[in-house]
Amino acid sequence: MAPSEECNRPIGILFVCLGNICRSPMAEAVFSHIVAKRGLAPLFHIESAGTARYHVGEQPDGRTVETCRKNHVVINHLGQQLVPKHFDNFDYILCMDRNNLSDCKRVKPKGQCRAKHELFGSYSEDAGDLIVVDPYYGGMEDFEEMYERIVRCSEGLLEKLIREKRIQIKTQ
């Protein structure tokens, strides 16, 4: 089936955190990895952004990169800031915490927008995953915990999209 019921465009997913160097680029990489493993990559357009400009054009935090590599997840990202056009370029804008969601609502243009914006953690079956905690001031164990949480949220998101969009999985 087509990736979107409206037209033949990929489903746009934008992950959002504060600086776009820890949580959201990891979510972008992990979700892309999971989607690719299921053979569904052509059906999605996946990116990430930060609500602040702190790290625009920068690589992800080294601990994010190391955690992804350790888990065989390719991460290739340069920081960008959330801007109003994202609300029309993506179907889902998924925020890591309530502050990000609040900032996201301030950036959202007035009127009708394509993107649904909500907490990424709402897609996990584990209620403890609702907030993807910022590991920036923590150690590697915090990045590993974030990785596991992002995997659970990503799997939940993909399963929901498969059901709602009636995406056909090709079996080999």
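## Parallel strands

Two strands are said to pair if DSSP finds at least two bridges between them. The strands (E, at least two residues) and helices (H or I, at least four) are themselves DSSP runs, numbered from the N terminus. The structure is a predicted model, in which local features need pLDDT of at least 70 and side-chain atom pairs count only at pLDDT 80 or more, while totals for chains, interfaces and linings use all residues. Residues are numbered from 1 along each chain as its sequence is written, and side-chain values use heavy atoms, with hydrogens and water left out.

Strand E1 (residues 11-17) runs parallel to strand E2 (residues 44-50), and 7 bridges join them; Cys17 has Gly50 of E2 as its bridge partner. E1 is also joined to E3 by 4 bridges, again in parallel, with Val16 partnered by Cys95. E3 in turn runs parallel to strand E4 (residues 116-119) through 4 bridges, where Cys95 stands opposite Leu119.

## Burial of the strands

A residue is buried under 20% relative accessible area, exposed over 50% and partly exposed in between (1.4 Å probe, protein chains only). In E2, 5 of the 7 residues are buried. In a regular strand the side chains alternate between the two faces of the sheet. In strand E3 (residues 92-95), Tyr92 and Leu94 point one way and Ile93 and Cys95 the other, and all are buried.

## Crossovers and helices

A crossover is right-handed if, with the strands pointing away from the viewer, the path from the first strand over the helix to the second runs clockwise. E1, H1 and E2 make a right-handed β-α-β unit, and so do E3, helix H4 (residues 98-107) and E4.

Ala36 lies in helix H1 (residues 23-37) and counts as partly exposed because its relative accessibility is 44%. The expected span of a helix is 1.5 Å times one less than its number of residues. For the 25 residues of helix H5 (residues 140-164) this gives 36 Å, which agrees with the 36 Å between its end C-alpha atoms.

## Aromatic rings

Rings of Phe, Tyr and Trp (its six-membered ring) pair if their centres lie within 6.5 Å; planes under 30 degrees apart count as stacked, over 60 as edge-to-face and the rest as tilted. The whole structure holds 4 aromatic pairs. The rings of Phe15 and Phe120 have centres 4.9 Å apart and planes at 70 degrees, so this pair is edge-to-face. Phe15 lies in E1 and Phe120 in the loop between E4 and H5, so the pair ties together parts 105 residues apart in sequence. Both Phe15 and Phe120 are buried.
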